[in-house]
Amino acid sequence: MTFDFRIFAILLAFVTLAFAPAAEAQNRLGNTELNVPATLVAESQQVKAGQSVTLAFVMEPKPTWHGYWENPGDAGIGMSFDWTLPAGVTAKKARFPVPDTLLISGIMNYVYKGDYAILVDLDLSDKVAPGPLPISVKSEWLSCTDEICVPEQDELSITLQVVGEETATSRDARFNGFRAAQPRPLGSDASFAVGDGLFRLSIPLPANIELEEPYFFVLEDGIVDYAAPQKFSRDGDRLILETGARGDGLETITGILKIGQHMGLSLTATKGEVAMTGVPLANGGATNEASSSLLFVALGGAILGGLLLNLMPCVFPILSLKAISLAKAGGNESVVRRDALAYTAGVVIVATVLGAILLGLRASGAAVGWAFQLQDPRIIFVLLALVTAIGLNLAGLFELPNFTIGNKLAQKDGAAGSFWTGALAAFVATPCTGPFMAAALGATIVLPPVAALIIFAGLGVGLALPFLLIAFIPAIRNRLPKPGPWLDSFRKVMAIPMFLTSIGLIWLLGRQIGTDALGLSLIFLLGVGLILWWFGAGQMKGVSRGTVAVTATLAAVAGGIFALPGEEAMNSRKTASASTATLPGEPFSETRLSELRASGQPVFAYFTADWCITCKANEAAAIQRQETANAFNAAKVAVLVGDWTRPDPAISKFLEQHGRAGVPLYLYYAPGKEPVFLPQILTVGTLTDLVNGPMQSANLTLGTE
């Protein structure tokens, strides 16, 4: 008979815990005497009845010591919680961060080697009275080094304050880091199989997700051989794991797929057929060649997505400027190629710079996503003034292309004008998100910064690709018409899409700041138009008014910016659009989502923004349709709307957790199941099929359409 040290280690830990009361007096002297001391902190000291608050057990192991995940592996004991809570307060299941592996003498441990935080949500009923809210919990855990283990326990307490609805609350910024260490939901079910002593797991994972030493931590005990090596292979958008099996008694398992340092995806897997196919990953992770392949896949999606952006209404008006430039060139090879390369440089540089700013803001802890600049009404007003000035110039109100800074840059002849036209096109393209873009931009969340910047640059290349094809393919270039009298009429016609863009920006600005503030802003915009008219009239008379006109224009734009309402006023502004919608919804919050899911009600959650053309098109064509409303009402589907028009850190965090850098995002939660990611282009059938029949999209993977 062989001796199994793993069983001995577990029995020893339990025996030691049995004698823990003798050491309780010592442990209660203060958690500074513990080897892995715990501190209980709240995200907010002020809470409101009917809402929830997150607590964190901040664990700070001493050097050489470690704590354990909820499934400790071959040996060890997970953390336990014995709560003492006031009436009307309930504690949810503890959420553990992504663990590490520790292999000692053939025994695999799932541990935390440095500081970590375990999160627990407390739900307050709406009957909890204002005043002090004492919370206490007795916790037990096992602390170990590579040589010894010590069972530890502590009684932790914290007193929160229940406040009224109108009271402002503050939050602990450390919880941003605590949540960042938590695994993100995969969003689609995996499948597993056990046979011939092997455990295989098939995980739907886009091929553009980069892996760094992947490892699967299974939550249920008795399924896998913890110490057995894990072998991974990639088969398209599937990640396949093979390792040793220990048992075959479950139909469903859960766990965490670690994809990088402190990064992981939580998943659920059901029993099925799994074959070990695809390309093996060396050393449990991607080889250099495989990593390059993944980057090329994401880059290809970005280029294709950028190409399709040229068909979007948010980009098309700016293309009218480039069309005029091509018409002036009249097929001249050297001029067309020069302008196309300059235009491409403008697009790529601005797209890359916006991506770099986005990555920098995220690294600093800010919760932002793609198109973040259009969440600021000041930028929208400047863009509105610029587009209006360009439209008036194209219409012939004034002829000097260097009247305003933006107009000067975008309307210059030659390479400089093409460069700034490309820059403007890239800047206004951000509200659009089309097919292939979501996966590419979502990959920038997990890719290294340099690779992420390559993706942003690829988006710019795709946006400029049509003009590169015109410039460098003679068969296309030779079809360009020669310059002539028709060019002046063509130029005036091209003013129409610019004015349509102005109307769209006016609507967007009104949605953000309200109609009263919009009226004041339009007065300043009218001032810009009158100054342009005055300047153009001077041109016709041969009178130079350039210096005065430039100064007056800048003053009018600055006045419009300063007239915008403050942040607090904009955040407090309410609209009645939800109540008048064909398919009304509640404002999104993770608390409300959890409540609805706990009640067993199906939920459709969609994330939108007023500046997102794709979002508005989907709402008009599919979401806000009577057929959709009838189907959802019959199935009692709750609708949650995440409005990202203005910056919202909670929505930004939720989007990032689900592998998205921006909107739109559409999720359907069937009772008791993981969310289904819906396509970015919706139809009525896509939505009604969710409740009227078997979902054909149930196997959609994270971040793909």
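**Helix packing and nonpolar cores**

Mentor: Helix α21 (residues 626–634) packs against helix α23 (residues 684–692) at about 15°, and their axes are 9 Å apart. This is a predicted model, where local features need pLDDT of at least 70, side-chain atom pairs count only at pLDDT 80 or more, and totals for chains, interfaces and linings use all residues. Residues are numbered from 1 along each chain as its sequence is written, and side-chain values use heavy atoms, with hydrogens and water left out.

Trainee: How are helices and axes defined?

Mentor: Helices are DSSP runs (H or I, at least four residues), numbered from the N terminus. Axes are lines fitted to C-alpha atoms over the stretch in contact, with angles from 0 to 180 degrees between N-to-C directions.

Trainee: Are α21 and α23 roughly parallel or antiparallel to each other?

Mentor: Roughly parallel. That label covers angles under 35 degrees; over 145 is roughly antiparallel.

Trainee: Which residues in α21 and α23 meet?

Mentor: E627, T628, A631 and F632 in α21 meet V684, L687, T688, V691 and N692 in α23. Contact means heavy atoms within 4.5 Å. By class, that is five nonpolar, three polar and one charged. Nonpolar here is Ala, Val, Leu, Ile, Met, Phe, Trp, Tyr, Cys and Pro; charged is Asp, Glu, Lys and Arg; the others, Gly among them, are polar.

Trainee: New pair. At what angle do α7 and α14 pack?

Mentor: About 160°, with axes 9 Å apart. Helix α7 spans residues 377–394 and helix α14 spans 495–513. They are therefore roughly antiparallel.

Trainee: What is in that contact?

Mentor: Among the α7 residues are I380, F381 and L384; among those of α14 are M498, F499 and Q512. The classes are 17 nonpolar, five polar and no charged.

Trainee: Is Q512 buried or exposed?

Mentor: Buried, with a relative accessible area of 1%. Buried is under 20%, exposed over 50%, partly exposed in between (1.4 Å probe, protein chains only). The C-alpha atoms of Q512 and I380 are separated by 9.9 Å, though the two residues are 132 apart along the chain.

Trainee: Cores next. Which residues touch the most other members of the largest nonpolar core?

Mentor: F604, F607, V663 and L687, out of 69 residues. A nonpolar core is a set of buried Ala, Val, Leu, Ile, Met, Phe, Trp, Tyr and Cys residues joined through side-chain atoms within 4.5 Å. The largest share of this core, eleven residues, comes from α7.

Trainee: What does F607 contact, leaving aside neighbours within four places in sequence?

Mentor: Its partners include F588, C615, I651, F654 and V663.

Methods: Helices (H or I, at least four residues) and strands (E, at least two) are DSSP runs, numbered from the N terminus. Angles under 35 degrees count as roughly parallel, over 145 as roughly antiparallel, 65 to 115 as roughly perpendicular and the rest as oblique.
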